[in-house]
Amino acid sequence: MSKKFISWSIVFIAIIIALFFVNIMARKHNMAFENKITQTNYHQKMILFYSVTCPHCKKVEDFINQYHVTQKIHFDSTEVSQDQQNLAIFENVAQKYCHITGSNLVVPLFWTGSKCIIGDQPIIHYFKTKMAK
């Protein structure tokens, strides 16, 4: 065997070992994130789940801006179409608290801390009702 062959074999084995450990670390990170999501108590939060490409979400956003809703009602806004972690939170909340899965997952969805409100008009109605109090 030539020294060149042995050198390349060692480099190849080192790369395989490095990729193996990187894969293990990535899995641990993903598992930790998923555990955090499933263990978070969302009963203490109100969250508006939306997508930047959703026309119904835009109607809700326009209402929020026009009537300064965020100054009167405190909630988190979470964009789900461009962020995998936000999408995972959305899926978890929808499944765990609203019993919505798969093709029934739609935005806009507003989690009040106790129930899900789906669709632009029901969400706007909810905001109007809360602001009138």
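The structure holds one disulfide, counted as a pair of cysteine sulfur atoms within 2.5 Å. This disulfide joins Cys98 to Cys116, with an S to S distance of 1.4 Å. This is a predicted model: local features need pLDDT of at least 70, side-chain atom pairs count only at pLDDT 80 or more, and totals for chains, interfaces and linings use all residues. Residues are numbered from 1 along each chain as its sequence is written, and side-chain values use heavy atoms, with hydrogens and water left out.

**The disulfide**
- A disulfide is a covalent bond between the sulfur atoms of two cysteines.
- The torsion about the S-S bond of Cys98 and Cys116 is about 45°, so this disulfide is right-handed.
- The pair links distant parts of the chain. Cys98 sits in helix α4 (residues 84-98) and Cys116 in strand β4, 18 residues apart.
- Cys54 counts as buried at 10% relative accessibility. Cys57 counts as buried at 5%.

**Overall build**
- The protein chain has five helices and four strands. These are DSSP runs, numbered from the N terminus: helices are H or I with at least four residues, strands are E with at least two.
- From the N terminus on, the elements run α-β-α-α-β-α-β-β-α.
- Buried residues make up 29% of the 133 residues in the protein chain.

**The sheet**
- Four strands form an open sheet in the order β2-β1-β3-β4, with mixed pairing. Two strands pair if DSSP finds at least two bridges between them.
- β2 (76-79) and β4 (116-118) stand at the edges. Each has a single partner strand, so one side of each is left without a neighbour in the sheet.
- From one strand to the next, the twist averages 20°. Axes are lines fitted to C-alpha atoms, for helices over the stretch in contact, and angles run from 0 to 180 degrees between N-to-C directions.
- Strand β1 (residues 47-50) pairs with β2 in the parallel sense over four bridges. Leu48 has Ser77 in β2 as its bridge partner, and Tyr50 has Glu79 in β2.
- β1 and strand β3 (residues 109-111) run antiparallel, joined by three bridges. There, Ile47 has Trp111 in β3 as its bridge partner.

**Salt bridges**
- The structure holds two salt bridges (a side-chain nitrogen of Lys or Arg within 4 Å of a carboxyl oxygen of Asp or Glu).
- Asp62 and Lys58 meet through their side chains at 2.8 Å, N to O. Both lie in helix α2 (residues 55-66), four residues apart, about one turn of the helix.
- Asp62 is partly exposed at 35% relative accessibility. Lys58 is partly exposed too, at 43%.
- The side chains of Asp120 and Lys59 meet in a salt bridge at 3.7 Å, N to O. This pair links distant parts of the chain: Asp120 in helix α5 (residues 120-132) and Lys59 in helix α2, 61 residues apart.
- Asp120 counts as buried at 8% relative accessibility, whereas Lys59 counts as partly exposed at 44%.

**A surface patch**
- Trp8, Val11, Ile15 and Leu19 form a nonpolar patch on the surface, with about 430 Å² of accessible area together.
- Patch residues have over 30% relative accessible area and no salt bridge; like charges are joined within 9 Å, nonpolar side chains (Val, Leu, Ile, Met, Phe, Trp, Tyr) within 5 Å.
- Accessible areas come from the Shrake-Rupley method with a 1.4 Å probe; for residues, only the protein chains shown count as cover.
- Ile15 is found in helix α1 (residues 3-39). Ile15 is partly exposed, with a relative accessible area of 46%.

Methods: Buried means under 20% relative accessible area, exposed over 50%, partly exposed in between (1.4 Å probe, protein chains only).
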